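Try each task on your own before you read its solution.

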Amino acid sequence: MAPQTRRMAFPRVVVAPRETDSEQSSSEEEEEEDPLPEYESEPEVENGNGDKVEQKAPITITLKKVCKVCKKAGHEAGFKGATYIDCPMKPCFLCKMPGHTTMTCPHRVTTEHGVIPAPHRNACNPLEYVFERQLRPRIPLIKPAYVIPDQVTCGVIRYHSRRVTCLEFHPTKNNILLSGDKKGQVGVLDYYKTSEKMVYGNIHSCIVNNMRFNPTNDGAIYAASSDGTISCTDMETGISLSLMNLNPDGWQGPSSWRMLYGMDINPEKGVVLVADNCGFLYMVDMRSNSKSGEAILIHKKGSKVVGLHCNPIQPELLLSCGNDHFARLWDMRRLEAGSSLFDLAHRRVVNSAYFSPLSGSKILTTSQDNRLRIWDSIFSNMDTPSREIVHSHDFNRHLTPFRAEWDPKDPSESLAVIGRYISENYNGAALHPIDFIDISTGQLVAEVMDPNITTISPVNKLHPQDDVLASGSSRSIFIWRPKEKSELVEQKDERKIIVCGRAEKKQNRKLGNGSDDSDDDITLKGKNVKSKKSVTKLTPYSRKGKL
């Protein structure tokens, strides 16, 4: 007789619906009050063969809400569409202050909340006296009307294979825009003729963090990359020359790998200034195309120096910023470790720091604590900033850092542009606008967005001569112009969007084009790429006009 085995029935699993907050709280109270359950023997039933099988009770699994911020159950936090839900255990995500949520934050409704629009503080010193006598009369007293580029006139979808990291306009050719991406590619785009575009993929092997044109040769551009090299590239031929390599032996592990971030050019000294991820500053002679001098420690050892900027009036003044929560002002005539003129403290990482474009007397910094800080005069008290403006640009990972940049055409040196991280609900669509802020008062001059651009636009660059804004959003590039000028361009049938990569091939097949290599212009009025008018909100403090 064959041996009989006892068969066990596999228990049924029942997934219960997610409980609400009130139900969850009541159930937790009941669980705390009730004692441990008593285990009873399960009834046994007979199957068709006469064997006794133990019947198991069904197991119920309850899906509880778990917060991704504090990892506790009972509530959720994060984005739901265009709405950000705060964690009740943490301060407000926008202003970093407790007591309210992001949706009810006063800084979200009005950017000038708490901002004191005061002029720079008086300082009785010779430098301030010289500035008031020589430089101040050249700055117009009447603030001109802002001209806001608020209409997308052309763009290239999926222009790069990875996200855009930096943009630079050509100094003499107004229609040429250069862009770098995370993969190390450098693109050259003629946005008057969007079909004329080129991407060089053999310059760097990873992220292009900064680009600057040669001040004596506008056909050459310098680029600093996370592969530890500085390159000088001829824009016509695409031939690149490596000027300095901090990793000559290749990859030896993350502890020894050097990456280059901040970069600028000092035209008087004829050197390219570049800083790495360990706090050191390097100089490259533009005439000999070789490294000059030794590395200088300008920030905390082991911290990234993500930004460098030379003063436009006095290039001997150098401004740097980094991950050690400081922006520092240096005199290049005595540049050595610990010899900074001023140390501008921040609460978190400083993404960028720039002198004002005309007088060079103001400083604008962008920090990860959702603050824009302004110093009205580099000759006055620099211990605390003149103003702090709360703005949403704090992000987590896998995104190019936000950097507030001056408008180089504004003679009053009061207009700045920066992308926004927290999305807003515009007619049911979650969009991330680009903000124009009057840094003298903290008021939001305009927020521009396009219904077709649903990704974040952290990289923004204003043209030095024309009323043009270039935006890098993910792998795409968009060109913005004022609506009046955009209507003229649209009448000439020049308002076009190009789709590159895989999307370009699919679009060509839909249009009946058998060639996958052709670059067909797809207008915003086309059947496949539907155009919607850009949405722009202008405050009463701004009006459209020509400077």
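This is a predicted model: local features need pLDDT of at least 70, side-chain atom pairs count only at pLDDT 80 or more; totals for chains, interfaces and linings use all residues.

**Exercise 1: Cysteines**

Step 1: look for the neighbour. The closest cysteine sulfur to that of cysteine 92 belongs to cysteine 95, at 3.9 Å.

Step 2: apply the cut-off. A disulfide needs the two sulfur atoms within 2.5 Å, so 3.9 Å is too far for a bond.

Step 3: check the whole structure. It holds 0 disulfides.

Step 4: look at burial. Cysteine 92 is buried at 1% relative accessibility, and cysteine 278 also counts as buried, at 17%. The cut-off for buried is under 20%.

**Exercise 2: The overall picture**

Find how many helices and strands the protein has, and what percentage of its residues are buried.

Solution. 

Step 1: count elements. There are 5 helices and 39 strands.

Step 2: check burial. Of the 547 residues, 51% are buried.

Step 3: look at the contacts. Take those between residues at least 6 apart in sequence: 52% of them join residues at least 24 apart.

**Exercise 3: Walking along strand S18**

Which residues of S18 point one way, and which point the other way?

Solution. 

Step 1: sort the side chains. Phe280, Tyr282 and Val284 point one way, while Leu281, Met283 and Asp285 point the other way.

Step 2: check the cover. In S18 (residues 280-285), 6 of 6 residues are buried.

Step 3: find the partner before it. S17 (residues 271-276) pairs with S18 in the antiparallel sense over 5 bridges, with valine 272 standing opposite valine 284. The two strands make a hairpin with 3 residues between them, and glycine 279 in the turn has a positive phi of about 95°.

Step 4: find the partner after it. S18 pairs with S19 (residues 290-297), also antiparallel and over 5 bridges; here aspartate 285 stands opposite serine 290. This hairpin has 4 residues between the strands, and asparagine 289 takes a positive phi near 55°.

**Exercise 4: Another run of hairpins**

Find how many bridges link S12 with S13, and how many join S13 to S14.

Solution. 

Step 1: begin with S12 (residues 208-214) and S13 (residues 217-225). They pair antiparallel over 6 bridges, and phenylalanine 213 has isoleucine 221 as its bridge partner. A hairpin through 2 residues joins the strands.

Step 2: carry on to S14 (residues 229-234). It runs antiparallel to S13, and 5 bridges join them. Alanine 224 has isoleucine 230 as its bridge partner. This hairpin has 3 residues between its strands, and glycine 228 in the turn has a positive phi of about 85°.

**Exercise 5: Core and buried contacts**

Which residues of the largest nonpolar core touch the most other members?

Solution. 

Step 1: Among the 21 core residues, they are Leu364, Leu372, Ile389, Phe402, Tyr421 and Ile439.

Step 2: see which strands contribute. S26 (371-375) and S29 (415-419) each supply at least two core residues.

Step 3: zoom in on isoleucine 439. Its contacts beyond four places in sequence include Leu364, Ile389 and Trp406.

Step 4: compare a residue in strand S35. Leucine 469 lies in S35 (residues 469-473) and is buried at 0% relative accessible area. Among the residues it touches are Pro149, Val417 and Phe436. Leucine 469 and valine 417 are 52 residues apart along the chain, with their C-alpha atoms separated by 9.4 Å.

Key: Residues are numbered from 1 along each chain as its sequence is written. Side-chain values use heavy atoms; hydrogens and water are left out. A nonpolar core is a set of buried Ala, Val, Leu, Ile, Met, Phe, Trp, Tyr and Cys residues joined through side-chain atoms within 4.5 Å. Buried means under 20% relative accessible area, exposed over 50%, partly exposed in between (1.4 Å probe, protein chains only). Contact means heavy atoms within 4.5 Å. Two strands pair if DSSP finds at least two bridges between them.
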